[in-house]
Amino acid sequence: FVSSVTDRLSLSGSVSYTDAALSEAAIGQPSGTKLPQVADWKYALAAQYEFPLPNGLSARLRADYSFMDEQPQLLSRTSPMNDSYELVNLKAVIQD
């Protein structure tokens, strides 16, 4: 989604669910084995605020947050899992 809350503030976000698994037995792995490096859940949120500064300059502040679910490292029912993780990015811009 993308939403302009005000003429200076905007919000955006996304959510995805992926059920990635073998639909039939392959490479010695049974049907239903999860595909490697594919997370079930991912989501992201962002907020951006823009405002004028003196001398004709403008500023933009942005914050981004994202989450990635755990995921198997290998194509195997007994694969070790990569941990889930979260990222936060902050950005400030001054421009003319």
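1. T33 lies in the loop between β2 (9–17) and β3 (41–52). Strands here are DSSP runs (E, at least two residues), and helices are likewise DSSP runs (H or I, at least four residues), numbered from the N terminus. This is a predicted model, in which local features need pLDDT of at least 70 and side-chain atom pairs count only at pLDDT 80 or more, while totals for chains, interfaces and linings use all residues. Residues are numbered from 1 along each chain as its sequence is written, and side-chain values use heavy atoms, with hydrogens and water left out.

2. With a relative accessible area of 1%, T33 is buried (buried means under 20%, exposed over 50%, and partly exposed in between; 1.4 Å probe, protein chains only). Its side chain reaches the backbone oxygen of P30 at 2.7 Å. Not counting residues up to four places away in sequence, T33 touches A20, A21, L22, L75, S76 and R77, where contact means heavy atoms within 4.5 Å.

3. The sheet is open and consists of five strands in the order β1-β2-β3-β4-β7, with antiparallel pairing; two strands pair if DSSP finds at least two bridges between them. At the edges are β1 (2–4) and β7 (85–95), each of which pairs on one side only. From one strand to the next, the twist averages 10 degrees (axes are lines fitted to C-alpha atoms, for helices over the stretch in contact, and angles run from 0 to 180 degrees between N-to-C directions).

4. The individual pairings can be listed in sheet order. Three bridges join the antiparallel strands β1 and β2, and S4 has S10 in β2 as its bridge partner. Nine bridges connect β2 and β3 in the antiparallel sense; here S14 is partnered by A44 in β3. β3 also pairs in the antiparallel sense with β4 (residues 58–68), over eleven bridges, and A44 has S66 as its bridge partner in β4.

5. In the hairpin of β3 and β4, with five residues between the strands, N55 takes a positive phi near 65 degrees. I27 has a positive phi near 50 degrees, and Q37 has one near 60 degrees. I27 is exposed, at 74% relative accessible area, whereas Q37 is partly exposed, at 47%.

Note on methods: Polar contact = N/O pair within 3.5 Å; in protein donor to acceptor, adjacent residues only side chain to side chain.
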